[in-house]
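Subject: Structure for you to look at

Hello,

Here is the structure I said I would pass on. Please open it first; my notes on what was found follow.

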Amino acid sequence: MNNDTVLAARGLRKDYGKGEALVRAVDGVDLDASQGETVAVMGPSGCGKSTLLHILGGLDRPTDGEVWLADRRIDRLGERDLARMRRTDVGFVFQAFHLMDELTAVENVELSALLAGHAARVARRRATDLLERVGLADRAGFLPSALSGGQRQRVAIARALSNEPLVVLADEPTGNLDSASTLDVLQLFEDLHEAGQTLVVVTHDARIAATADRLITMRDGAFIDETRLTGGTTGRLGDLAGMDG
Amino acid sequence: MNQEVLLALVAKEPSHGYQLLARLRQALGPLGAELNPGQVYVTLGRLEKSGLVASETADTKRSTRKVYVLTPAGQERVAEWLADVNWPRPGLVEFHLKLVAAAAAGLADPLTIVDAQRRELLRRLRDAQRAAMAEPDRSEVALLLEGVVLRLQADLRWLEACEKSWTDRRRDP
């Protein structure tokens with residue numbers, strides 16, 4: 001583990017069922033995410049990537065192995081400590097947004113800060129700032145039902161940032177979005193990356209995987225390939241677009 | 001440079017070579033930097049030789065420049081080109097045969113070849129997306145880049161299918 005490692009996993013395993021029906025959803029995974037790094041885990045549905053993300057964020061416990069978040073081992077924390085850790089140290093972004101339908105955009109965003117014990121005024125100011133950061137300042141008072149899919153996901157991302165988490169964990173964040181909305185979310189992740197936010201995203205969308213510094217390929221519960229995407233492109237855009245000369 | 005593109009630009013109005021180049025660069029955004037200006041002038045020369053454009057020399061105070069105008073033959077060619085539904089083809093056959101040959105000859109693991117190709121395409125996707133994000137909404141360049149992105153996505157999906165097929169074949173030969 002490096003000094004700048006924010007999130008680390010060692011020998012992670014997750015089994016479901018027993019005997020003949022045993023399913024090894026995660027099978028011996030080691031992972032390090034450094035401060036400010038974007039790591040993408042890509043693989044077909046059922047490869048165990050969502051289970052992995054849940055374990056990394058303390059939503060689920062591994063059968064075996066360790067999870068470390070900023071030098072603190074979290075897989076053995078008691079329920080109460082684990083819940084507190086999830087509220088303050090981790091930001092989650094899900095495919096289905098998981099916004100509260102009866103709350104406005106700004107209320108959805110400030111809720112995490114309120115739950116983490118911040119004063120109402122502080123929480124509201126922070127939520128307003130975050131909505132501005134994701135380009136939705138003018139939608140603060142809208143209910144989720146009045147927002148497009150892309151806008152809802154941007155609200156969810158603002159909410160994930162509400163307590164300045166050590167790491168943002170995203171599970172298929174573009175899974176429900178059209179092409180233009182996907183680009184908005186990609187842009188937002190780029191902005192977060194530039195702001196030094198550590199980000200782990202699991203996806204089968206090549207577009208979001210392509211924004212990562214490092215891409216891990218997962219099959220049948222295990223990592224089978226790891227590659228650095230920054231630098232080293234040999235192709236020219238013009239060739240791809242069919243430009244000759 | 002595609003001859004017909006230049007013809008179509010000249011069809012809009014009689015133009016200097018540098019005006020055509022500027023219009024192309026504007027439409028291509030970051031890709032315009034890869035455009036070879038010499039190629040534009042060479043192509044204009046070819047078009048003139050084959051009678052699709054004619055040139056007139058316009059004198060200004062500082063210099064003498066050629067203005068290109070479309071001939072009737074050029075007009076006909078532009079019309080044909082606009083109606084043509086040919087689509088630039090990617091090299092799928094070559095890649096497919098590479099996998100088949102590598103496996104047959106035991107030269108390389110097809111899955112290794114697929115992985116290497118995927119990494120390369122993902123890097124290109126990354127470049128294309130970054131370029132797209134740098135463009136303002138609704139610019140003509142953003143539209144071109146979206147085409148590049150969508151095509152790369154399709155290629156990546158095909159690589160997934162290649163991977164699955166070659167994995168299955170290894171399991172039950």
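A:Val200 touches A:Leu7, A:Ala33, A:Val39, A:Leu56, A:Val167 and A:Leu169, leaving aside residues up to four places away in sequence; two residues are in contact if their C-beta atoms, placed from the backbone, lie within 7 Å. A:Val200 is also among the residues with the most contacts inside the largest nonpolar core, which has 80 residues. Others in that group include A:Leu131 and B:Ala128. A nonpolar core here is a set of buried Ala, Val, Leu, Ile, Met, Phe, Trp, Tyr and Cys residues joined through C-beta atoms within 7 Å. Buried stands for 20 or more other C-beta atoms within 10 Å of a residue's own, exposed for 12 or fewer, and partly exposed for in between, with C-beta atoms placed from the backbone. Another core, of twelve residues, lies apart from it, with B:Leu6 and B:Tyr68 among them.

The model is predicted: local features need pLDDT of at least 70, side-chain atom pairs count only at pLDDT 80 or more, and totals for chains, interfaces and linings use all residues. Residues are numbered from 1 along each chain as its sequence is written, while chains are lettered from A and ligands numbered from 1 in the order in which they are written.

Next, the contact between the chains. Chain A gives 26 residues and chain B 29 residues. On the side of chain A that touches chain B, α6(A) has the largest share, four residues. Helices (H or I, at least four residues) and strands (E, at least two) are DSSP runs, numbered from the N terminus.

Chain B is divided into domain 1 (3-83) and domain 2 (92-171), with bounds from an automatic or database domain assignment. Their C-alpha centres lie 35 Å apart. Each of the two domains puts four residues into the contact between them.

Chain B also has an open sheet of three strands in the order β1-β3-β2, with antiparallel pairing; strands pair if DSSP finds at least two bridges between them. The edge strands are β1 (15-16) and β2 (53-59). In the pairing of β1(B) with β3 (residues 64-70) there are two bridges, and B:His16 stands opposite B:Val67. Helix α1 (residues 3-12) of chain B lies across β1, β2 and β3 of chain B, at about 95 degrees to β3(B). Axes are lines fitted to C-alpha atoms, for helices over the stretch in contact, and angles run from 0 to 180 degrees between N-to-C directions.

Regards
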